Amino acid sequence: MGINRRFFFENARQRLFGGRFQQHQVHGLEAILDHWEQTSPAKDDRWLAYMLGTAFHETARTMQPVRETLAPTDDKAIAILENAWRRGRLPWVSNPYWRRDPGGQTWLGRGLVQLTHPRNYEKLSRVTGMDLVTDPSVTLRMDVALRIMFLGMEQGSFTGHRLEQFFLGPKEDWLNARRIINGVERAPQLADYGRAFYSCISYTTG
């Protein structure tokens, strides 16, 4: 039994993508659905819906692993972040994590969930079994970004909160599930995205 892709895409297009897909969005959605069916088909499909909603938000609806600010290069992203920070537009940032370290690496956000800070790259390296530290840009590869998102959200690797704390049996907490990634920042918006994707998930035996 697999996800009814026709039902999913028809409904997601209307409910979440303004009635029209771009090809990279379709490819990204297919990759997430494929990874779910390959690794997690027996798990709670509310987990899938919330991961889809998270990727939808964190990638600015591209559904592709992206660099923070959507910049094409690290240097451009660093410049954008530095300018925003100096203008007071990032009041929640006390440590400019995007600045290059002595080794020349920048630990700005990348992927489907915007992994930031060296400690998180190190932690997710252990969780995924992939080296994300030697070359952090590897997190922009879809296969790597998928493992980071799935394992990180399932195991609570980002903030200590994990999917089963919010979706298990009769328990369903779309609002506080945002704590898995980033406190309650934009939690109502993410809850709406998750519910919308959940309504798009149906199964077929064909």
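Mentor: Begin with a definition: a polar contact is a pair of N or O atoms within 3.5 Å, where one must be able to donate a hydrogen and the other to accept it within protein. Keep in mind that this is a predicted model.

Trainee: How far does the backbone nitrogen of valine 133 lie from a polar atom of the side chain of aspartate 131?
Mentor: The cut-off for a polar contact is 3.5 Å between N or O atoms. The atoms here are the backbone nitrogen of valine 133 and a polar atom in the side chain of aspartate 131, and their separation is 3.0 Å.

Trainee: With which side chain does the side chain of aspartate 131 make a polar contact?
Mentor: Aspartate 131 sits in the loop between H5 and helix H6 (142-155). Its side chain has a polar contact at 2.5 Å, and the partner is the side chain of threonine 134.

Trainee: Is aspartate 131 buried, partly exposed or exposed?
Mentor: Not counting residues up to four places away in sequence, aspartate 131 touches Ser125 and Val138. Buried means under 20% relative accessible area and exposed means over 50%. Aspartate 131 has 46% relative accessibility, so this residue counts as partly exposed.

Trainee: How far apart in space are aspartate 131 and valine 144, C-alpha to C-alpha?
Mentor: In sequence, the two residues are 13 residues apart. In space, the C-alpha to C-alpha distance between aspartate 131 and valine 144 is 9.9 Å.

Trainee: Now the charged pairs. How many salt bridges does a search of the whole structure find?
Mentor: A salt bridge needs a side-chain nitrogen of Lys or Arg within 4 Å of a carboxyl oxygen of Asp or Glu. Searching the whole structure for such pairs gives a count of 18.

Trainee: How far apart are the closest N and O atoms of glutamate 30 and arginine 5, and why does the pair tie together separate parts?
Mentor: The closest N and O atoms in this salt bridge are 2.3 Å apart. Glutamate 30 lies in helix H2 (residues 23-39) and arginine 5 in helix H1 (residues 5-16), so the pair ties together parts whose separation in sequence is 25 residues.

Trainee: How many residues apart in sequence are the parts tied together by aspartate 34 and arginine 5?
Mentor: The side chains of aspartate 34 and arginine 5 meet in a salt bridge, at 2.8 Å from N to O. Aspartate 34 belongs to helix H2 and arginine 5 to helix H1, so the parts they tie together are apart in sequence by 29 residues.

Trainee: Next, the largest pocket. Which residues of its lining are closest to its centre?
Mentor: The volume of the largest pocket is about 1,100 Å³. Its lining has 32 residues, and those closest to the centre are Glu58, Glu68, Tyr97, Gln114 and Asn182.

Trainee: Which element supplies the largest share of the lining of the largest pocket?
Mentor: By class, this lining has 14 nonpolar, eleven polar and seven charged residues. Elements that each supply at least two of its residues include helix H3 (45-58), strand S2 (66-67) and helix H4 (74-86). The largest share is three residues, and it comes from H4.

Trainee: What is the phi of threonine 69?
Mentor: Threonine 69 lies in the loop between S2 and H4. Although threonine 69 is not a glycine, its phi is positive, at about 75°.

Trainee: What is the phi of leucine 70?
Mentor: Leucine 70 is also placed in the loop between S2 and H4, and it counts as partly exposed at 47% relative accessibility. It is not a glycine, yet it has a positive phi of about 65°.

Trainee: Is aspartate 45 buried or exposed?
Mentor: Aspartate 45 lies in helix H3, and its side chain makes a polar contact with the side chain of tyrosine 203 at 3.4 Å. The cut-off for buried is under 20% relative accessible area. The value for aspartate 45 is 17%, so this residue is buried.

Terms used. Residues numbered from 1 in each chain as written. Predicted model: local features only at pLDDT ≥ 70, side-chain atom pairs only at ≥ 80, totals over all residues. Heavy atoms only, no water. Helix = DSSP H or I, 4+ residues; strand = E, 2+ residues; numbered from the N terminus. 1 Å grid on protein atoms, 1.4 Å probe; cavity = no way out; pocket = protein on both sides within 12 Å on 5 of 7 lines; lining within 4 Å. Points joined across faces, edges and corners; volume = space filled by probe spheres on them. Nonpolar A, V, L, I, M, F, W, Y, C, P; charged D, E, K, R; others polar. Buried < 20%, exposed > 50% of the residue type's maximum accessible area, 1.4 Å probe, protein only. Contact = heavy atoms within 4.5 Å.
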